[in-house]
Amino acid sequence: MTNRPRASLQRILEDLGSTVLDVAASPGELDAEVTGVHIYDPLDELLLPEGGILLAVGVDRAEQICALLDAAGPAAGVVVKQPVDVDELVRAKVLETGVAVLGLTRAASWAQVAALLRSLLAEGDLAEPGEAPPDDLFALANAVCALLDAPVTIEDRSSRVLAYSGRQDEADPGRVETVLGRQVPERYRRMLEERGFFRQLYQSREPIYMELDDDSINRAAVAVRSGDEILGSIWAAVREPLSDQRQRALADAAKIVALQLLRQRAGADTRRRLRADLLSTVLAGGRDAAEAAGRLGVASGRLCVLAAQLSGGSHADADAAHRESDRQRFCDALALHVGAIHPKAAAALVGSVAYAVLPLHAGGDEEARAVRVAESFLVRVGPRHAANIGVGRLAGNLAEVARSRADADRALRVLRAREASGAVAGYTGVHFEALLLQLSDLVEAEEQVPTGPYERLVSHDAEHGSELVATLRAYLDAFGDVNAASARVHVHANTFRYRLKRLAEISGLDLADPEARLTVMLQMRLFGR
């Protein structure tokens, strides 16, 4: 867990808004640090730590409130359902104890307010790997539904449904279709855009009312913001404009939803970074690999590494933020796919490459099976993501995972060198091409240049404008078949034979020597002439 400053009582009240939680009686400044949320049980001894908030379930009379304030000790506040019975005795007791009395709207349940308060206090805390954060958006949607007396959806900026309340059967067919598909149908989005509702929604900091022309129920909506950033929106199906009180309730709800969305985004980003760090450790091997593999749940004996990367044409024109978002969505899809193949599989984005570690049962064709998994994945995401995947050889244990990762990287590089898109390559299938690329790296790093017969042919072509190198390449590619080679370079066979004789005289190359042929072929591949 990360250490962070706890929220003050005033900050919590500002975040939740006066519609949900309001001050009934205050001792003065509400700057007390809040440390936790506790529920009152008359059958238990009340032992509150300093800074706790006590949810006074079932307490509604002034004398009960006074007794709780006496027993609450160093608490920050006591929460009572509205209307709160506050008299002079309660006000005096608040001043004496320094504990504030807060009123909770009757439309909210104790479970909802407890979840909201704990969510605020836990904001920024980190979940353990594999542990999902608590999803309170559906509880929030139900709370807003109760406040507005209308079915509600919470949507992201792309009109995908993040959560929805109950009572959706009371809405129109469009809302039902939206909830079932977890996405606002395209025809409704287009209608809202054409009528300027989205522009009005995102320009306003207050809820707006939308009158729809067809058989749909009208909508009230508010943008969910973090400063100037639009995180999403809340939509309520209503038959008439909201009252002032419900307008304020919807505006306050947007602040709470913004906090939850920010917390979930921060938690998701943290978990992704943690998984990426752990997977990087596993892929690198070394003494920490076993612990990292255990935390990821991939400490299986037989693993295969997949290296997947979006091909340049799919997102080359997008800005950096858009490219990173595309990569993350692609990695999420890969994680979902390999997770369906094996529950212990793991995937994470490391730089621009999405790596997956796939446990495989013994069968003798593990790399081929991993290739099929990769091909199946590309077929599924092909319309949305053009990508290539390299597949490493089987790692019989964690110590060999680093080698499998290197294999996958080299296979992926071969596909990039081919300028492929939507392709999968197993390392054993592209082994020689990968070795040539490694040798090219060595040649470039040492700034080596052509030598021997090949260098003499290159120099002659450059000085005289001849095509002796092209003639030699055609001859070698045709396995010494003069007729096929001459047809390839579009000259008569006799002319081709004359050129072969000339290049042998100029370069000193013995075409009958297999070692000499291999040497010149490698130089042509490495120096790209």
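Visitor: How much space lies in the largest cavity?

Guide: The general idea is that rolling a probe the size of a water molecule over the atoms shows where empty space is left. In this structure, which is a predicted model, the largest cavity holds about 190 Å³ of space. It is lined by 15 residues, and those closest to its centre are Thr178, Val184, Tyr188, Leu192 and Arg219.

Visitor: Which helices supply at least two residues each to the lining of the largest cavity, and how does that lining divide by class?

Guide: The helices are H6, which covers residues 173–181, and H7, which covers residues 186–194. Sorted by class, the lining of the largest cavity has eight nonpolar residues, four polar ones and three charged ones.

Visitor: How many cavities of 30 Å³ or more are there, and what volume does the second largest cavity have?

Guide: The count comes to three cavities of 30 Å³ or more, and the second largest cavity has a volume of about 90 Å³. Eleven residues line the second largest cavity, and the closest to its centre are Val20, Leu116, Ala143, Leu147 and Ile256. Helix H4 (110–121), helix H5 (137–148) and helix H9 (244–284) each supply at least two residues of this lining, with H5 giving the most, namely four residues. By class, the lining of the second largest cavity has nine nonpolar residues, two polar residues and no charged residues.

Visitor: Turning to the nonpolar cores, how many residues does the largest one have, and which have the most contacts inside it?

Guide: As a general idea, nonpolar side chains tend to be buried together in soluble globular proteins. Here the largest nonpolar core has 50 residues, and Leu55 and Ile234 are those with the most contacts inside it. Helix H9 provides the largest share of this core, with eight residues. Apart from this core lies another, of 26 residues, which includes Val338, Ala345, Ala356 and Leu378.

Visitor: Which residues is Ile234 in contact with, leaving aside its neighbours within four places in sequence?

Guide: With those neighbours left aside, the contacts of Ile234 include Val144, Val152 and Ile154, then Ala220, Ala221, Val222 and Val224, and also Leu250, Ala253, Ala254 and Val257. Thr153 is in contact with Ile234 as well.

Visitor: Now for the charged side chains: how many salt bridges are there, and which residue forms one with Asp252?

Guide: The count comes to 23 salt bridges. In one of these, Asp252 pairs with Lys255, and their closest N and O atoms are 3.9 Å apart. Both residues lie in helix H9, three residues apart, which is about one turn of the helix.

Visitor: Why does Asp252 count as buried?

Guide: Asp252 counts as buried because its relative accessibility is 8%, and buried means under 20%. Lys255, by contrast, has a relative accessible area of 43%, so Lys255 is partly exposed.

Visitor: Which residues are linked with Asp365 in a network of salt bridges?

Guide: The network links Asp365 with Arg302, Glu366, Arg369 and Arg372. Within this group, Asp365 forms a salt bridge with Arg369, where the closest N and O atoms are 3.1 Å apart. Asp365 has 32% relative accessibility and therefore counts as partly exposed.

Visitor: What is the N to O distance in the salt bridge of Arg403 and Glu400?

Guide: The side chains of Arg403 and Glu400 meet in a salt bridge at 4.0 Å, N to O. Arg403 counts as partly exposed at 31% relative accessibility, and Glu400 is partly exposed too, with a relative accessible area of 30%.

Technical notes:
Residues are numbered from 1 along each chain as its sequence is written. This is a predicted model: local features need pLDDT of at least 70, side-chain atom pairs count only at pLDDT 80 or more; totals for chains, interfaces and linings use all residues. Side-chain values use heavy atoms; hydrogens and water are left out. On a 1 Å grid over the protein atoms alone, a cavity is a set of points where a 1.4 Å probe fits but cannot get out, and a pocket is an open set with protein on both sides within 12 Å along at least five of seven lines; lining residues have an atom within 4 Å of a point. Grid points are joined across faces, edges and corners, and a volume is the space filled by probe spheres set on the points. Ala, Val, Leu, Ile, Met, Phe, Trp, Tyr, Cys and Pro count as nonpolar, Asp, Glu, Lys and Arg as charged, and the others, Gly among them, as polar. A nonpolar core is a set of buried Ala, Val, Leu, Ile, Met, Phe, Trp, Tyr and Cys residues joined through side-chain atoms within 4.5 Å. Buried means under 20% relative accessible area, exposed over 50%, partly exposed in between (1.4 Å probe, protein chains only). Contact means heavy atoms within 4.5 Å.
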